[in-house]
Amino acid sequence: MKPDDLESRMREREYFHRLRLPPGSFAVVRVDGRGFSRLTKTRFEKPMDARFHELMVTTAASLLTGLHALYAYTESDEISVLLPRDWALFDRELEKLVSLSAANASATFTATSGIRAEFDSRVWIGATEQDVVDYFRWRQADATRCGLNGWCYWTLRKAGRSVAEATKALEGRDVAWKNELLFQNGVNFNDTPLWQRRGTGLYVETYERPGRDPRTGEERTATRRRVRVDAELPMGDAYAEFLRRLLEGTG
Ligand SMILES: Nc1nc2c(ncn2[C@@H]2O[C@H](COP(=O)(O)OP(=O)(O)OP(=O)(O)O)[C@@H](O)[C@H]2O)c(=O)[nH]1
Ligand SMILES: [Mg+2]
């Protein structure tokens, strides 16, 4: 057998290597902490821990800049990262995107927290701006639902109920009932920090910074870029509007 045959035969078996993001489509890559129920169990406040959320925000910032993304959104143990239609990194190879996003998140979270952590990763494809708006409203609705549920569950657990009892007590209950349960226990869900109900968004913004030309000493303003962390996201139609502005590049 000629050595070239072996090379091409083996390359052919890199079966998924040819998969690429469809041209001209939006993509969202979503990473999710592996086994974070256990990882958070003894280390972080329940149901919500500001320090844990801060670690997720730091990880989201690394993904936003590392993947040249438009927007990153984090809630619970997940991060969604929006890539523009003309995204060109890694030649749009799916395997690269999925593996390196998981690697970036795992490395950043681990190095920042000192806790060994792994993230999985998956890709969502959107054809239109409306798809993208729907995607992020979907994740935000998940944040609100899980936030309310988490508060109820841990309120019951802290009041002495077992896992089974707390789970059963919440089964089939609607939003009004859950809010009332919290209210009876001295918690007004609507007074909890916004990030706990809506998640946190990140994007790159430009700003002007006064400076001096190092050669001439002349005063000159420079345009710089920085990551903006928005822990007070709007919701509903206002969130849709916020996302549309971001997509137009005027956010
Ligand atoms: N204590 C605490 N736990 C949190 C917080 N945010 C997220 N979590 C935990 O993260 C889990 C995320 O849910 P999942 O991703 O479905 O559970 P998982 O254990 O990570 O399972 P896999 O993702 O399937 O590996 C929740 O069940 C919570 O236990 C927080 O602020 N504080
Ligand atoms: Mg998880």
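Colleague: How many helices and strands does the protein have?
Modeller: Helices here are DSSP runs of H or I with at least four residues, and strands are runs of E with at least two, numbered from the N terminus. In this predicted model, whose C-alpha trace spans about 70 × 65 × 40 Å along its principal axes, the count comes to nine helices and six strands.

Colleague: What share of the contacts with a separation of 6 or more is made by residues 24 or more positions apart?
Modeller: A contact is taken as heavy atoms within 4.5 Å. Among the contacts in the protein with a separation of 6 or more, the share of those residues is 66%.

Colleague: Which residues are the protein donors of the magnesium ion (ligand 2), and how are they spaced in sequence?
Modeller: The protein donors lie 2.1 Å from the magnesium ion, with Asp 32 and Asp 77 each giving OD and Gly 33 giving O. Asp 32 belongs to strand S1 (residues 26–33), whereas Asp 77 sits in the loop between strand S2 (71–75) and strand S3 (78–83), so the pair ties together parts that are 45 residues apart in sequence. The donors are therefore Asp 32, Gly 33 and Asp 77, and their spacing reads D-G-x43-D.

Colleague: What arrangement do the six donor atoms around the magnesium ion (ligand 2) make?
Modeller: For six donors, the test is that opposite ones are over 155 degrees apart and all others between 65 and 115. The angles subtended here run from 82 to 179°, which makes the arrangement octahedral.

Colleague: Is Asp 77 buried or exposed?
Modeller: A residue counts as buried under 20% relative accessible area and as exposed over 50%, with partly exposed in between. Asp 32, at 23% relative accessibility, counts as partly exposed. With a relative accessible area of 15%, Asp 77 is buried.

Colleague: Where is the proline that a cis peptide bond joins to Lys 46?
Modeller: Most peptide bonds are trans. The bond between Lys 46 and Pro 47, however, is cis, with omega about 0°. Pro 47 is found in the loop between helix H2 (36–41) and helix H3 (50–66).

Colleague: What is the phi of His 68, and what is that of Phe 90?
Modeller: Most residues other than glycine have a negative phi. His 68 lies in the loop between H3 and S2, while Phe 90, partly exposed with a relative accessible area of 26%, is placed in the loop between S3 and helix H4 (94–113). Phi is positive in both residues, about 55° for His 68 and near 50° for Phe 90.

Terms used:
Residues are numbered from 1 along each chain as its sequence is written. Chains are lettered from A and ligands numbered from 1 in the order in which they are written. This is a predicted model: local features need pLDDT of at least 70, side-chain atom pairs count only at pLDDT 80 or more; totals for chains, interfaces and linings use all residues. Side-chain values use heavy atoms; hydrogens and water are left out. Donors are N, O and S atoms within 2.8 Å of the metal (3.2 Å for Na, K and Ca); water is not among the atoms, so sites may look incomplete. Four donors count as tetrahedral if all angles lie between 85 and 135 degrees; four count as square planar and six as octahedral if opposite donors are over 155 degrees apart and all others between 65 and 115; anything else is irregular. Buried means under 20% relative accessible area, exposed over 50%, partly exposed in between (1.4 Å probe, protein chains only).
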